[in-house]
Amino acid sequence: MQRIAVLTSGGDAPGMNAAVRAITRAGIAKGWEVFGVRNGYAGLLGDHMDPLRARNVGGIIQCGGTMLGSARSKAFATEEGRNTALANLKRRGIDALVVIGGNGSQTGSHSLATQGYAVVGVPSTIDNDLYGTDLTIGVDTAVNITLEAIDRLRTTGSSHQRAFLVETMGRHCGYIALMAGIAGGAEVIAIPECEVEPHDVAARLQAAYRRGKSHALVVVAEGAKNGARAMMQHFAEHRDRIGFELRVTQLGHVVRGGVPTAADRMLATRLGAAAVDQLALGNSGVVVGLRGGEMTTTPLAEVAHKTKPPDLALLDLARVLAQ
């Protein structure tokens, strides 16, 4: 191994920069040249790659987002696009690629691996829905940002005897809503994997009101069928069914734009270094992960085109604790 490249793809996640830093410096420590690909797979097609040296990645471990940029690339999904990307890599003498990203990104990694190119994936998505790892880069920060908002809303809710409906990110996966909802003591949690009907939400809120609670919280993932808009429409028509006065807060992209927590910085650092170690051992076509506290690898073929669901048993626990 002489030269490797690293790219970040898909939605940005806090901790991506820490992973880029670890990959760069771990590669340099092995005597390799490291290149950074700009704007994800689009940068491979456009041949936008720059050498990365130790000082290029200094002072970024605490920064959210990705210094390399990220962009969608429909062209990469075609065989012609992938051939162009491979030609650009080979022309520069780059022997292997490290891809930092989630499901779609690692599906792209797998497509390159099936064409015989050395690729190692680093799992990074705030949804934590990638197989092969207990946690993905960015999820700890996203959950903590959501939890901080929930805690603040609880304070004002108690002051005014109100209920708050908090909508957080999670288009296809409700992990953030589930974890932040449990940690925040929510009365109701609604996620795409387990829908809750508005009349059921109303019944739980009214039950909390009758028990004398000074506030109530509903945490909803944006991808839930009965999201914030549907819930509010129902409650506007059935105000008397919930007891509390209800307000809505939609967190949106603020959830993914935070400063990475210590946990995310450590996870990203370990995963980035592990990816380099795998390449040094001659292993590729895998995603590195953290399972049971140990660094592991999972074949890209077992990760691509799949999503890992959250533990739905935790919803039952949440309901018990909300009494």
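What follows are my entries, in the order I looked things up.

**Entry 1: ground rules.** I am working from a predicted model, so I read everything below as computed from that model.

**Entry 2: α1 against α9.** I describe a pair of packed helices by the angle between their axes and the distance between the axes. For α1 (residues 16–29) and α9, I get axes that come within 7 Å and cross at roughly 35°. I also checked the hand, and α1 passes α9 in a right-handed crossing. Which residues of α1 and α9 meet? From α1 I noted Ala18, Ala19, Ala22, Ile23, Ala26 and Gly27, and from α9 Arg265, Ala268, Thr269, Gly272, Ala273 and Val276. Sorted by class, this contact has 8 nonpolar, 3 polar and 1 charged residues.

**Entry 3: Asp264.** I stayed in α9, which spans residues 262–280 and holds Asp264. Is Asp264 buried or exposed? Its relative accessible area is 1%, and the cut-off for buried is under 20%, so I log Asp264 as buried. Then I looked for its partners, skipping neighbours within four places in sequence. Asp264 is in contact with Pro14, and also with Thr136, Ile137, Gly138, Val139, Asp140 and Thr141. Ala18 is already in my notes as one of the α1 residues at the contact with α9.

**Entry 4: α6 against α10.** Next pair: α6 (residues 175–183) and α10 (residues 313–321) have axes that come within 10 Å and cross at roughly 25°. Angles under 35 degrees count as roughly parallel, so that is what I call α6 and α10. The crossing of α6 and α10 is left-handed. On the α6 side I found Leu178, Met179 and Ile182, meeting Leu314, Leu315 and Ala318 of α10. The class tally for this contact is 6 nonpolar, no polar and no charged residues.

**Entry 5: cysteines.** How many disulfides does the structure hold? I count 0. I followed up on Cys194, which is in no disulfide; the nearest cysteine sulfur is that of Cys173, 13 Å away. A disulfide here would need the sulfur atoms within 2.5 Å. Cys194 has 33% relative accessibility, so it goes down as partly exposed. Cys63 comes out at 29%, so Cys63 is logged as partly exposed too.

Terms used: Residues are numbered from 1 along each chain as its sequence is written. This is a predicted model: local features need pLDDT of at least 70, side-chain atom pairs count only at pLDDT 80 or more; totals for chains, interfaces and linings use all residues. Side-chain values use heavy atoms; hydrogens and water are left out. Axes are lines fitted to C-alpha atoms, for helices over the stretch in contact, and angles run from 0 to 180 degrees between N-to-C directions. Helices (H or I, at least four residues) and strands (E, at least two) are DSSP runs, numbered from the N terminus. Angles under 35 degrees count as roughly parallel, over 145 as roughly antiparallel, 65 to 115 as roughly perpendicular and the rest as oblique. A crossing is left-handed if the near helix is turned anticlockwise from the far one by less than a right angle, and right-handed if clockwise. Contact means heavy atoms within 4.5 Å. Ala, Val, Leu, Ile, Met, Phe, Trp, Tyr, Cys and Pro count as nonpolar, Asp, Glu, Lys and Arg as charged, and the others, Gly among them, as polar. Buried means under 20% relative accessible area, exposed over 50%, partly exposed in between (1.4 Å probe, protein chains only).
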